[in-house]
Amino acid sequence: MLSRSTKYAIKAVIYLAQNSSEDHKILVRDMFQEIKVSESYLAKLLQTLSKHGMVSSSKGRGGGFYLNADNLQHSLMDVVRVIDGNEGIEACILGISECSETNPCVVHHLLGPGKKAFNAALSQTTLAQLARDTGSSDFRFPE
C-alpha cells in the first residue's frame with residue numbers, strides 16, 4: 001500500500017526524529033547506510049520533504065537535515081502525501097480506477113475497512129509520537 005519511496009522517506013524521518021535537532025543537523029552521507037537507502041536517492045527524498053516542510057534543512061558549514069518543533073507536528077500521512085500524492089492513498093487495492101463505495105471491486109468490502117484503519121493510523125500518528133515510540137526501544141531499520 002505504500003511505495004518504496006514512501007517507505008524510505010518514513011525511515012528517513014524516523015532517523016531524523018531520533019537523531020537530529022536544530023542544534024544537531026544530519027548530513028545524508030551520515031545516515032544513508034544506517035537506514036539502508038542509497039545516498040543519492042535519500043538526498044532526493046529529503047530535498048522533496050524539505051521543500052514541502054516535512055523536514056528542515058540548512059546549507060553550509062554545520063548544515064544538514066533536522067526536525068524542528070513544527071516538523072514534528074506533521075503526521076505520517078503528510079509524509080505519504082508528499083511522496084506518493086493522494087492517488088496511492090485513495091487507490092483501489094486491485095488497481096481498478098473506478099472502484100469506490102458506490103462501485104466497489106470484488107474485494108472492496110473485504111479489504112476496505114483495513115485500508116481505512118491503516119490510513120487513519122497514518123493520519124493520527126505525528127512524527128513526534130513516532131520519535132517517542134521508536135526512541136524508547138532498540139529500534140533497527142529493516143533492509
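A: Let's start with a definition: a residue is buried under 20% relative accessible area, exposed over 50%, and partly exposed in between. Keep in mind that we are looking at a predicted model.

Now try that rule on N19, which is in helix α1. Its relative accessibility is 31%, so N19 counts as partly exposed. If you skip its neighbours within four places in sequence, N19 is in contact with H24 and I26. For a sense of distance, take G112, which is 93 residues from N19 along the chain. The C-alpha atoms of N19 and G112 are separated by 36 Å.

K36 lies in the loop between α2 and α3, and with a relative accessible area of 33% it is partly exposed. K36 also has a phi near 60°, a positive value in a residue that isn't glycine. K44, on the other hand, belongs to helix α3. K44 has a relative accessible area of 52%, so it is exposed. Its C-alpha atom is 9.9 Å from that of A9, although K44 and A9 are 35 residues apart along the chain.

Next, let's go inside. In soluble globular proteins, nonpolar side chains tend to be buried together. Here, the largest nonpolar core has 34 residues. The ones with the most contacts inside this core are L16, M31, L42, L46, L49 and V79.

Pick out L46 if you want to see the packing residue by residue. Leaving out residues up to four places away in sequence, L46 touches A12, L16, V28, M31, V55 and F65. One of those partners, L16, is on the list of residues with the most contacts in the core, and so is M31.

Helix α5 has another partner to look at. Helix α5 (residues 76-90) packs with helix α6 (residues 108-124) at an angle of about 150°, and their axes are 10 Å apart. Angles over 145 degrees count as roughly antiparallel, so that is how α5 runs relative to α6. On the α5 side, the residues that meet α6 are L76, M77, V80, I89 and E90. Their partners in α6 are K115, N119, L122 and S123. Sort the residues of this contact by type and you get 5 nonpolar, 2 polar and 2 charged.

Finally, zoom out to the whole chain. It has 7 helices and 2 strands, running α-α-α-β-β-α-α-α-α from the N terminus on. Its C-alpha atoms fill a box of roughly 55 × 30 × 30 Å, taken along the principal axes. Of the 143 residues, 41% are buried. The accessible surface comes to about 8500 Å², and 49% of that belongs to carbon and sulfur atoms. Lastly, consider contacts between residues at least 6 apart in sequence: 64% of them join residues at least 24 apart.

Technical notes:
Residues are numbered from 1 along each chain as its sequence is written. This is a predicted model: local features need pLDDT of at least 70, side-chain atom pairs count only at pLDDT 80 or more; totals for chains, interfaces and linings use all residues. Side-chain values use heavy atoms; hydrogens and water are left out. Axes are lines fitted to C-alpha atoms, for helices over the stretch in contact, and angles run from 0 to 180 degrees between N-to-C directions. Helices (H or I, at least four residues) and strands (E, at least two) are DSSP runs, numbered from the N terminus. Angles under 35 degrees count as roughly parallel, over 145 as roughly antiparallel, 65 to 115 as roughly perpendicular and the rest as oblique. Contact means heavy atoms within 4.5 Å. Ala, Val, Leu, Ile, Met, Phe, Trp, Tyr, Cys and Pro count as nonpolar, Asp, Glu, Lys and Arg as charged, and the others, Gly among them, as polar. A nonpolar core is a set of buried Ala, Val, Leu, Ile, Met, Phe, Trp, Tyr and Cys residues joined through side-chain atoms within 4.5 Å. Buried means under 20% relative accessible area, exposed over 50%, partly exposed in between (1.4 Å probe, protein chains only). Accessible areas come from the Shrake-Rupley method with a 1.4 Å probe; for residues, only the protein chains shown count as cover.
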